[in-house]
Structures are given as structure tokens and as C-alpha cells.
Amino acid sequence: MNDMTHSGKNFAIVSFQILFWMAILLLPSMIDFVSHGSWEHTVGVLGGTFKHIVLPVLIYFINFYWLVPRFLFRKKVQIFFLINAALLIVNHLWVFSGMFQQMQGDLRPVFWSIAGVAFLLSILIIGCATGFRYIIRWNNMQTHLKEEKQRSAEAELAWLKSQLNPHFLFNTLNNISSLVQINADDAQESIGQLSDLLRYTLYDSNHNLVPVEGEIEFMYNYIDLMRLRCNTLASIKVELNTPSKPVQIVPLLFISLIENAFKHGINSRKPSFVHINFKEKGNNLVFTCENSLHPKSETDRIGSGVGLENLRRRLELTYPGRYQYTQDIKDDVYFAQIIIQNCL
């Protein structure tokens with residue numbers, strides 16, 4: 001939370017407390033004026049109210065701004081109670097000393113009753129100051145905790161992106177390197193696509209959210225580069241539909257699934273396929289990727305790479321409670337689907 005927000009909250013707290021005690025001070029005078037209609041009498045009531053309330057108000061603010069944070073929060077309970085006991089004694093001597101001297105013997109029991117009620121009210125005032133201060137402290141702790149979690153999540157997302165971008169670029173450069181030896185013209189065109197990919201990866205993907213159209217163009221460029229390495233035994237079907245409404249999504253979210261589909265689904269010596277689909281369904285965005293499954297070694301199994309682990313973590317950080325991530329293997333076909341809910 002920035003300094004301006006802190007200042008605003010502190011000002012609101014102070015203003016609320018001042019208005020509350022002003023209302024307590026003025027209420028008896030207002031009632032008296034409505035009853036008697038005499039300003040002179042009302043001023044006298046106001047003076048008497050001020051005499052009785054000035055020390056309780058000071059006790060409240062002393063507890064709120066000094067005693068509670070300085071002693072109670074620091075577990076110095078004895079000092080806290082001793083100072084409050086002294087404040088209560090001073091308050092009662094100030095308010096009731098003259099009253100006690102004026103009362104006759106028969107009225108003194110009434111005095112002690114009034115003094116007892118006043119004592120209980122003073123205890124209530126101290127309790128209100130303490131409770132209010134603890135509520136504010138708890139609220140500030142929750143706010144700081146939320147901010148720390150947010151900063152932690154942002155730092156983790158930045159780390160995940162730093163892991164993702166070099167991983168993706170490394171594989172793409174390998175594809176271009178292989179293509180140069182096969183077809184120079186296609187390689188030159190692919191270098192232009194790679195330039196677009198680099199621009200998107202290094203600049204656009206630094207934003208928390210990007211327009212879905214940019215992400216679709218990015219996926220098309222990447223798939224085109226991957227397609228050039230496939231022979232006639234591979235069937236590549238891609239359908240990426242732009243949603244009917246403008247929407248922004250987390251950048252580079254689906255690239256790990258596409259990368260793994262080509263890495264583990266394409267075999268240059270056997271029939272293989274990759275089918276990729278992106279569409280809107282109701283208020284949701286649905287990304288589906290299917291590919292043929294060719295057995296890999298234990299150290300290179302599908303779905304076990306750093307990219308997919310990053311994908312799961314990014315989904316949890318950016319769409320908590322708003323996504324479904326499904327993956328399955330059936331009849332030598334790997335199926336993966338991401339549903340981002342309530343985006344449209």
C-alpha cells in the first residue's frame with residue numbers, strides 16, 4: 001500500500017473519531033435546546049458536558065494512539081493497566097471532587113452509585129479504544145499479507161516467464177537452423193516469422209494481459225515454423241477462432257502444449273497428427289490440443305517437461321478458481337484442454 005493510501009486511511013480514522021466525540025459532546029446540548037429553547041441554559045449544559053467528557057476523550061485518544069500500540073502490543077500489560085488506573089483516578093477526582101463535598105450524608109450513597117457508573121463507562125471507553133485499535137491492526141495485517149502474497153505471485157510469474165521464454169526460443173532457433181539446410185527461401189520467410197515471434201515474446205508478453213488476437217497470431221506463426229519440419233506422414237490441423245467480444249488473456253499460455261504436441265506427437269517415420277483448436281464456448285475460452293502419441297524414454301515422457309509444470313503454476317496464479325486443465329491419454333492419443341471461465 002502506498003503512502004497516499006495510508007494517509008487517506010489515517011485521515012478517515014481520525015475524522016471518524018473526532019466526529020463521534022463531537023456528537024457525544026453536542027447531543028445533550030441539542031436535546032436541552034429543543035426542550036427549553038434557551039441558548040443561555042444550553043450553553044451551561046454544554047459547559048457541564050465538556051467538563052465531564054473532556055478527560056474521557058483524552059483517555060480514549062491516549063489509549064488509542066499511545067498506550068495500546070506502545071505497551072499492549074508489546075506485551076507490557078502491567079504498565080498499560082497502571083497508567084490507565086492513574087488516568088481513571090485523575091478523571092474521577094476532576095469530575096466528582098466538588099460534587100462529593102456538596103452532597104449531604106443521605107445523598108452520598110447516590111454519589112457512589114453515580115461514580116460507579118462513571119467508572120464502568122470509563123472502563124468501556126478504554127475497552128472501545130483498545131478494541132478499535134486491535135481491529136485496525138488486524139485489518140492492516142490482512143492488507144499487508146495480501147500485498148505480500150500479490151508481490152510474491154508477481155515475482156513467481158516473472159520467474160516462470162524467464163524460464164519459459166529462453167526454453168521456447170531455444171527450440172525455435174533449432175527449427176530455423178534445420179530449415180536453412182532444407183530450403184533457403186522458406187528459411188528466409190521463416191526468419192521473418194521468427195522476428196515477429198521474438199518481438200511478441202520479448203515485448204508484448206511482458207504485459208500481464210494481452211489481446212487474444214495477438215496471442216492467436218503468435219500461435220499461428222509458431223505452428224507454421226513447426227509445420228515446416230514435418231513430412232507428408234504428419235497431419236496438422238489448426239483452427240484458432242477469434243472470440244466475438246474483445247478479451248485479454250495471459251500471454252504465452254498455450255505454447256507449452258503446442259510445443260509438446262509437436263515434440264512428442266510427430267514422428268518422421270510413422271503416421272502422426274497434431275490437431276489444435278481454440279474457440280469461445282458461452283462465456284468461456286476453450287483451447288484443445290490432440291496429438292498422436294509415440295512412446296518416449298522414461299527421461300523424455302510427454303507432460304513431464306518444465307514447460308507444462310510452468311503452465312500449471314501460471315494457471316493457478318493468474319486464474320485461480322477460474323480454469324479447468326485436463327490431460328488424458330487414450331488409444332495412443334494425447335489429449336489436453338484448458339478452459340478459462342467467465343472471460344467474455
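Predicted model: local features only at pLDDT ≥ 70, side-chain atom pairs only at ≥ 80, totals over all residues.
Begin by selecting helix α1, which covers residues 3-36, and find L19 within it. L19 has a relative accessible area of 57%, and because the cut-off for exposed is over 50%, L19 counts as exposed.

Next, select helix α6 (residues 212-227) together with helix α7 (residues 255-265), whose axes come within 11 Å and cross at roughly 15°. Because angles under 35 degrees count as roughly parallel, α6 is roughly parallel to α7. The crossing of these two helices, α6 and α7, is right-handed.

Keep α6 in view and select D224 and R227, which both lie in this helix, three residues apart, or about one turn. Their side chains meet in a salt bridge, with an N to O distance of 3.9 Å. Colouring by accessibility would show D224 as partly exposed at 28% relative accessibility, and R227 as partly exposed too, at 34%.

Finally, move to helix α5, residues 184-202, and select D196 and R199, which are likewise three residues apart, about one turn of the helix. Here the side chains of D196 and R199 form a salt bridge at 2.9 Å, N to O. D196 is partly exposed, with a relative accessible area of 34%, while R199 is partly exposed at 45%. With this stop the salt bridges are complete, as a search of the whole structure finds two.

Notes. Residues numbered from 1 in each chain as written. Heavy atoms only, no water. Helix = DSSP H or I, 4+ residues; strand = E, 2+ residues; numbered from the N terminus. Buried < 20%, exposed > 50% of the residue type's maximum accessible area, 1.4 Å probe, protein only. Axes fitted to C-alpha atoms, helices over the stretch in contact; angles between N-to-C directions. Parallel < 35°, antiparallel > 145°, perpendicular 65-115°, else oblique. Left-handed = near helix turned anticlockwise from the far one by under 90°. Salt bridge = Lys/Arg side-chain N within 4 Å of Asp/Glu carboxyl O.
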